[in-house]
Amino acid sequence: MPVRKRLRGSTHAVGRFPTVGFSDEADTRVEPEEEKKDELKENVCSRWFRKACWYCSRKSKEEEDLTNTVVTGVDETDENDENNENNEDTTEDKPDPGGDNDNELEALVLKVTSIDLLKGKSGQNHMAHRTQLYQSKDLIIRRGQTFQMWITLSRPYDHNTDKIHLELKIGSVPMVSKGTHVIIPLVEKLEDNRWVATVIKQEDKRLLLSVYSLPTANIGQYQLTVHTLYPNGKAIFELDPANKVSILFNPWCAEDTVFMDSEDERQEYVLNDVGLIYYGTELQIGYRTWDYGQFADGILAACFYIMEKSGTPASGWGDPINVVRIVSAMVNSVDDFGVIQGNWSGNYADGSAPTVWTGSMEILRQYHSNNGTPVRYGQCWVFAGVSTTVLRCLGIPTRTVTNYNSAHDTDVSLTTDVYLDENLNPLNNLNRDSVWNFHVWNDCWMSRPDLPAGMGGWQAVDATPQETSQGTFRCGPASLTAVRNGQVYLKHDAAFVFAEVNSDKIYWQRNVDGTFSQIYSEKKTVGHSISTKAVGSDQRNDITHLYKHPEGTEEERIAVETACRYGTKAEAYTSPTAEDVSLQVSMEGTGPQMGRDADLTVSLKNSSSENRTVLLHSQAAVMYYTGVHKATVRRDTTDINLLPNEVKMLDWSLEYKDYKEELVDQAALMLTLSGRVKETQQVLATQYSFRLRSPDLTLKPIGKAVVGEKMTVEILFTNPLPQKLKGVLFHVEGLGLMTAQAKHYGDIDSHASVSMTVNFVPTLSGMRKLLASLDSSQLTQVHGVVSINVEEKNNATLLRF
């Protein structure tokens with residue numbers, strides 16, 4: 001493919017390499033080497049002679065062909081002269097004024113002649129990225145992993161004089177600062193904190209590159225270009241625009257915010273393309289099979305089309321929170337001409353009845369092929385089924401969820417309100433809230449760095465257009481943990497989801513003066529048998545416990561009353577008569593250590609002059625460092641009596657045996673406390689995050705450190721666990737001391753102390769640091785460091801004498 005010429009006079013080009021400029025137009029100029037004075041004079045004369053008599057001095061055909069791909073420092077003729085050229089008789093052959101120099105120049109040019117993105121279904125890229133199921137001709141990768149590509153050059157690559165870098169662009173105005181214009185330099189070694197590429201094999205003119213993508217990269221379809229810089233100039237190779245690189249979220253990458261550590265769940269919630277959607281009533285649960293078809297031909301393109309049609313900038317497509325809000329809005333057609341038009345009228349003559357659809361593929365293809373014309377018609381299960389397809393296709397773990405006796409709260413009261421007149425007849429004009437026999441939405445898995453710790457994991461997302469969220473018909477993502485605990489003030493739309501699953505039904509009677517009084521409440525009518533397909537089977541999985549505490553328990557009532565404080569009808573619940581008891585958690589010193597019991601202190605203070613009785617609930621959970629809940633390891637309920645003005649300190653302990661099988665990297669835990677004061681109905685609640693401290697490695701240098709001379713460092717470690725560490729691996733490295741080395745040690749017995757020595761030869765003088773870490777399946781985050789002052793060899797020799 002010919003290389004495009006750069007527009008002369010461009011002043012806005014920037015790039016990673018100091019001598020390379022990048023602009024919207026490709027730059028292929030070859031900077032001329034220093035020429036001899038007589039050659040320069042000859043070029044000046046030649047230019048004058050060309051303007052004076054173009055016909056006698058015009059270039060040979062071969063020379064003209066060369067300037068199509070390489071622009072030299074020679075000025076081009078005026079525009080009028082070029083017009084004259086078109087009118088000249090060119091049938092007579094003229095001599096070539098200097099083809100040998102041009103041939104030499106052409107031989108120095110470093111151009112990319114072809115690129116192989118290794119897109120085969122069973123090839124390394126698609127297999128490693130688990131994208132081999134997609135029926136697409138593009139390269140499809142998941143962010144946070146490396147992918148490989150072959151590039152073929154016009155001559156062998158010389159790493160001493162040549163430079164190559166890649167560029168990926170997405171969106172209408174790609175920008176480096178927004179992550180939509182990605183510059184990928186060629187380095188000697190891959191790095192984890194930026195986009196980089198490295199050569200892993202060279203075969204004459206061919207290079208095999210390994211490219212590392214950031215786990216925070218924006219998803220979408222990117223255009224790839226390859227830039228070459230060589231001593232005499234630079235060139236750009238562009239792929240066919242139809243041959244793009246598609247980047248998806250990566251639930252297999254621990255650094256990705258959608259990371260899910262269970263392979264069985266990843267298989268179900270990302271890779272399974274057929275599922276079940278539940279409907280009916282709580283006592284008559286039915287289900288239908290639904291073809292999600294996220295890997296089918298044209299579906300990925302349709303999903304990216306939906307993202308583009310949303311009008312949102314691609315710079316926000318790296319955040320799954322933002323992406324699910326886009327999808328939630330775009331799957332319904334209200335206010336943005338999204339995918340499906342809802343219809344609950346019973347009249348579907350000008351479209352398809354919602355019950356006709358058996359999968360998402362036909363809907364998405366029709367929407368894409370008709371240039372974004374909404375498909376008729378859908379209801380809640382259709383919106384949810386299509387949402388599952390789109391989000392799984394983009395790499396976000398997603399499931400379809402059905403809630404029975406699902407409330408629709410229209411006035412943000414957090415209650416389902418029924419209005420009656422003086423004679424107890426329903427006031428239909430006021431009764432806007434409703435309870436659906438069933439309602440279907442989605443749960444998506446992600447961390448929530450925008451919320452307090454512990455709010456990650458499953459998030460409720462609803463694409464059925466019911467109420468607006470920030471002016472658009474969408475809902476979520478709402479943390480299920482926040483919904484369960486009544487923390488409806490946390491974004492996004494936790495209040496609406498809470499009302500769907502746990503609102504009380506309140507009956508209001510109109511008074512003579514036109515006001516309304518609460519006359520009755522039902523507490524167990526909303527949010528039953530919340531269902532989704534089980535992992536790895538066609539069984540129904542009841543997940544009601546993830547959305548709400550058991551009906552009627554004190555914890556569930558606390559959650560309801562906590563939520564309703566933020567609603568428009570807070571008066572429906574009795575406010576506490578006093579708030580004079582406080583709750584606080586603390587730990588001693590630097591905190592509990594790995595392998596030991598975790599001891600904390602809970603402080604309750606009664607500031608009143610009367611007795612207080614507190615029913616306190618505690619729950620300890622293992623957390624991922626991202627704030628995602630992994631497992632609950634302990635629950636307790638305690639009655640506490642407080643005397644007037646008493647401060648009571650309670651010892652709380654989590655035994656090692658309770659958490660040892662559940663710990664994950666970073667060893668993070670969270671204690672959640674909630675309670676109620678019996679005399680005043682005051683609600684108490686707090687969460688306390690802490691971690692179990694891992695032991696350090698001790699590094700001891702042996703002997704003097706001298707450049708070029710062998711030295712030794714001893715590494716000491718004591719196993720803190722009352723169990724054997726299996727398959728222990730030590731990793732040691734130090735800049736100027738030694739390259740990274742992994743040393744397999746084997747098993748270390750319970751509470752055993754071990755040592756090992758590492759030999760190396762320092763290569764740089766000055767104060768250096770040697771770093772070491774230990775890893776095993778039972779213990780991580782163990783590391784150590786020692787500073788070593790390395791002397792120059794000559795100085796060390798003089799000191800000896």
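**Entry 1. Salt bridges**

I began with the term itself: a salt bridge is a side-chain nitrogen of Lys or Arg within 4 Å of a carboxyl oxygen of Asp or Glu. The structure I consulted is a predicted model.

I first looked up Glu561, which forms a salt bridge with Arg676. The closest N and O atoms of this pair are 3.1 Å apart. The two residues link distant parts of the chain, with Glu561 in helix α15 (residues 554-564) and Arg676 in strand β31 (residues 668-677), 115 residues apart.

**Entry 2. A second pair, Asp493 and Arg325**

I next examined the salt bridge of Asp493 with Arg325, in which the closest N and O atoms are 3.4 Å apart. This pair also links distant parts of the chain, at a separation of 168 residues. I located Asp493 in the loop between α12 and α13, and Arg325 in helix α9 (residues 320-331). Arg325 is buried, at a relative accessible area of 5%.

What do the side chains of Glu662 and Lys630 form where they meet? They form a salt bridge, with an N to O distance of 2.9 Å. Glu662 lies in the loop between α16 (656-659) and β31, and Lys630 lies in strand β29 (residues 629-642), so the pair ties together parts that are 32 residues apart in sequence. I recorded Glu662 as partly exposed, with a relative accessible area of 27%. Lys630 is likewise partly exposed, at 29% relative accessibility.

I also noted a network, in which Arg448, Asp450 and Lys491 are joined by salt bridges that share partners.

**Entry 3. Peptide bonds in cis**

Lys491 returned in a further search, as the peptide bond from Lys491 to His492 is cis, with omega near 0°. I placed His492 in the loop between α12 (480-484) and α13 (494-502). The peptide bond from Arg376 to Tyr377 is cis too, again with omega near 0°. Tyr377 belongs to strand β14 (residues 375-378).

**Entry 4. Positive phi outside glycine**

I then looked for positive phi values in residues other than glycine. Asn371 has a positive phi of about 55° although it is not a glycine. I found Asn371 in the loop between α10 and β14. Asn371 counts as exposed, at 63% relative accessibility.

Asp204 has a phi near 55°, a positive value in a residue other than glycine. The loop that holds Asp204 runs between β6 (196-203) and β7 (206-212). Asp204 is exposed, with a relative accessible area of 54%.

Which residues of helix α10 are buried? In this helix, which spans residues 361-369, I recorded Ile363, Leu364 and Tyr367 as buried. They lie on the same side of α10, because they cover an arc of only 95° around the axis. I then turned to the face directed away from this buried side, where the exposed residues Glu362 and Ser369 are carried.

**Entry 5. A patch of negative charge**

On the surface I looked up a patch of negative charge, in which Glu588, Asp597, Asp599 and Asp651 gather. I traced Glu588 to the loop between β26 (581-586) and β27 (598-606). Glu588 counts as exposed because its relative accessibility is 75%, and exposed means over 50%.

**Entry 6. Ile184 and Arg194**

Ile184 is buried, with a relative accessible area of 0%. How far apart are the C-alpha atoms of Ile184 and Arg194? I recorded a separation of 8.4 Å for these two residues, which are ten residues apart along the chain.

Technical notes
Residues are numbered from 1 along each chain as its sequence is written. This is a predicted model: local features need pLDDT of at least 70, side-chain atom pairs count only at pLDDT 80 or more; totals for chains, interfaces and linings use all residues. Side-chain values use heavy atoms; hydrogens and water are left out. Patches are made of residues with over 30% relative accessible area and no salt bridge: like charges are joined within 9 Å, nonpolar side chains (Val, Leu, Ile, Met, Phe, Trp, Tyr) within 5 Å. Accessible areas come from the Shrake-Rupley method with a 1.4 Å probe; for residues, only the protein chains shown count as cover. Lys and Arg count as positive and Asp and Glu as negative; His and the chain ends are not counted. The place of a charge is taken as NZ of Lys, CZ of Arg, CG of Asp or CD of Glu. Helices (H or I, at least four residues) and strands (E, at least two) are DSSP runs, numbered from the N terminus. Buried means under 20% relative accessible area, exposed over 50%, partly exposed in between (1.4 Å probe, protein chains only). The arc is that of the directions from the helix axis to the C-beta atoms.
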